[in-house]
Amino acid sequence: MITFWGMVNRVINDADILLLVLDSRMAQETRNLEIENKVKASGKPLIYVLNKCDLVDKHVVEQYKRTIPNSIFISATKHLGTVKLREKIQIAASRLKLDSNVKVGVLGYPNVGKSSLINSLKGRSATKTSSISGYTKGIQKVRTSGIILLDTPGVIPYLEKDQLKHNIIGTIDHNKEKDPDIVAMKLMTAFPGIIEQYYNVYVTDDLEKTLENIALKRKMIIKGSKPDIERVSKMILKDWQSGDITSKKY
Ligand SMILES: Nc1nc2c(ncn2[C@@H]2O[C@H](COP(=O)(O)OP(=O)(O)OP(=O)(O)O)[C@@H](O)[C@H]2O)c(=O)[nH]1
Ligand SMILES: [Mg+2]
C-alpha cells in the first residue's frame with residue numbers, strides 16, 4: 001500500500017506546479033517545511049494558497065502577504081480569489097512554457113480545504129470534501145480548462161509532534177479526540193474571546209467555568225444537572241473545524 005507521504009512524493013514528481021494550501025487562521029502553523037523543502041529540491045514553482053480567508057480580518061491578510069512569499073488569499077467555499085489563483089497558475093505555466101494541460105499538485109495539512117479549492121477552480125463539485133479531517137484518501141485527478149489538478153490526502157509533518165496543535169488545526173476528527181476539553185481551552189487561549197463571543201458567554205480567566213457556561217447555555221447537561229463538559233468541548237471543536245467559528249473580531 002502506498003503511504004500518504006508516498007503520494008505526496010508522487011505528486012511532487014508528477015506535477016509541474018505545486019500549491020501548498022494553508023488555513024488563513026493559522027497560516028504559519030499550517031506550513032509544512034518538509035513539503036516545502038521537497039518542492040524546493042524539485043526546482044518546481046510553489047504557490048502558497050491561504051484558504052478560508054473569509055474567516056480572518058483584513059489586517060491578518062495584509063500581514064501574511066508580506067511575510068509569506070508567493071502567496072495568495074482565497075476562500076474556496078465563498079469563491080473569493082479563485083480567478084486570481086487561476087491567473088497565477090497560468091503565469092507560472094507560461095514561464096515553464098506549458099500552456100495547456102499543466103499539472104498542478106495540491107498539498108497541505110488535512111482539513112485546510114484542498115478538495116474545496118479544487119472544486120472551486122472547477123466550478124462544481126468534482127472531489128468530495130468533509131469537515132472531518134483525513135477525508136481524501138488517494139490522489140484524485142480533476143481536469144478543468146487547461147489545468148489538471150491533483151488532489152492529495154492531507155499530511156502532517158513527520159517531525160511535528162505537537163498533538164494539541166494538530167487538533168486545533170483540525171487534523172483529528174473531533175469525535176475521536178481524547179481530551180476535547182483541553183483542546184477547547186487551548187483554542188480559547190490561542191484566540192481570546194472568539195469562542196466566548198460565538199456562544200455569547202462572558203469572557204473570564206477561568207476557562208473551565210467558560211466551558212460550563214457554554215454547556216449550560218446549550219442545555220448540555222448530565223446527571224445531577226451538571227454541565228456536560230465532554231459534549232460541549234466536542235461541539236466547540238466541531239464548530240471550529242467546520243469554520244462556523246471564525247477568528248474574526250466582529
Ligand atoms: N469557511 C470556510 N470553510 C472552508 C473553506 N474551504 C474549505 N472549508 C471547509 O473546511 C472543511 C475541509 O474542507 P476539505 O476541502 O474537505 O479539506 P481537505 O484539505 O481536502 O481535507 P482532507 O481531504 O481531509 O485532507 C470543510 O468543512 C469545508 O467546507 C473556506 O474557504 N472557508
Ligand atoms: Mg480532501
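# Close-up views of a predicted model

Figure 1. Asn111 sits in the loop between E4 and H5. Its phi is positive, about 70 degrees, although Asn111 is not a glycine. Through a backbone N or O atom, Asn111 lies 3.0 Å from an oxygen atom of ligand 1. Asn111 is also among the residues that lie nearest the centre of the largest pocket.

**Figure 2. Surroundings of ligand 1.** There are 22 residues around ligand 1, and those that come nearest are Lys114, Ser116, Gly134, Tyr135 and Thr136. Two side chains are picked out in this view. An N or O atom in the side chain of Asp54 is 2.8 Å from a nitrogen atom of ligand 1. In the side chain of Ser115, an N or O atom is 2.9 Å from an oxygen atom of the ligand. The backbone of Asn111 provides a further N or O atom, 3.0 Å from a ligand oxygen.

**Figure 3. The largest pocket and its lining.** The space in the largest pocket comes to about 430 Å³. Its lining is made up of 31 residues, and Lys52, Asn111, Gly113, Ser116 and Ser130 lie nearest the centre. By class, 18 of the lining residues are polar, 7 are nonpolar and 6 are charged. Helix H5, residues 114-122, gives the largest share of this lining, with 3 residues.

**Figure 4. Ser116 within helix H5.** Ser116 belongs to helix H5. With a relative accessibility of 17%, Ser116 counts as buried. Once neighbours within four places in sequence are set aside, Ser116 is in contact with Ala76, Thr77 and Thr129. Ser116 is one of the residues that come nearest to ligand 1, and it is also among those nearest the centre of the largest pocket.

**Figure 5. Helix H5 and what covers it.** Of the 9 residues in H5, 8 are buried, and the helix is mostly covered. The buried set consists of Lys114, Ser115, Ser116, Leu117, Ile118, Asn119, Ser120 and Leu121. The elements covering these residues include strands E1, E2, E4 and E5, helix H4, and strand E6 (147-151). Just after the helix, Gly123 has a positive phi of about 90 degrees. Gly123 lies in the loop between H5 and strand E5 (140-144). Gly123 counts as exposed, at 61% relative accessibility.

Figure 6. Helix H2 spans residues 33-42, and its buried residues are Glu34, Ile35, Glu36 and Val39. Among the elements that cover them are helix H1 (4-14) and the strands E1 (17-23), E2 (46-51) and E4 (102-108). The N-terminal end of H2 is capped by Asn32, which has a side-chain oxygen 3.1 Å from the backbone nitrogen of Glu34. Gly43 follows the helix and has a positive phi, near 75 degrees.

**Figure 7. The second largest pocket.** About 230 Å³ of space lies in this pocket. Its lining consists of Cys53, Lys58, Val61, Glu62, Lys65, Ser71, Ile72, Phe73, Leu80, Gly81, Lys84 and Lys88. In terms of class, 5 of these residues are nonpolar, 5 are charged and 2 are polar. At least two lining residues come from each of helix H3 (58-67), strand E3 (71-73) and helix H4 (82-95). H3 gives the largest share, 4 residues.

**Figure 8. Two loop residues on either side of helix H4.** His79 lies in the loop between E3 and H4. Its phi is near 55 degrees, a positive value in a residue other than glycine. Asp99 is placed in the loop between H4 and E4. Asp99 is exposed, and its relative accessible area is 64%. Asp99 and Val61 are 38 residues apart in sequence, and their C-alpha atoms are 30 Å apart. Val61 is one of the residues lining the second largest pocket.

How values were computed. Residues numbered from 1 in each chain as written. Chains lettered and ligands numbered in written order. Predicted model: local features only at pLDDT ≥ 70, side-chain atom pairs only at ≥ 80, totals over all residues. Heavy atoms only, no water. Buried < 20%, exposed > 50% of the residue type's maximum accessible area, 1.4 Å probe, protein only. Contact = heavy atoms within 4.5 Å. Polar contact = N/O pair within 3.5 Å; in protein donor to acceptor, adjacent residues only side chain to side chain. 1 Å grid on protein atoms, 1.4 Å probe; cavity = no way out; pocket = protein on both sides within 12 Å on 5 of 7 lines; lining within 4 Å. Points joined across faces, edges and corners; volume = space filled by probe spheres on them. Nonpolar A, V, L, I, M, F, W, Y, C, P; charged D, E, K, R; others polar. Near = heavy atom within 4 Å.
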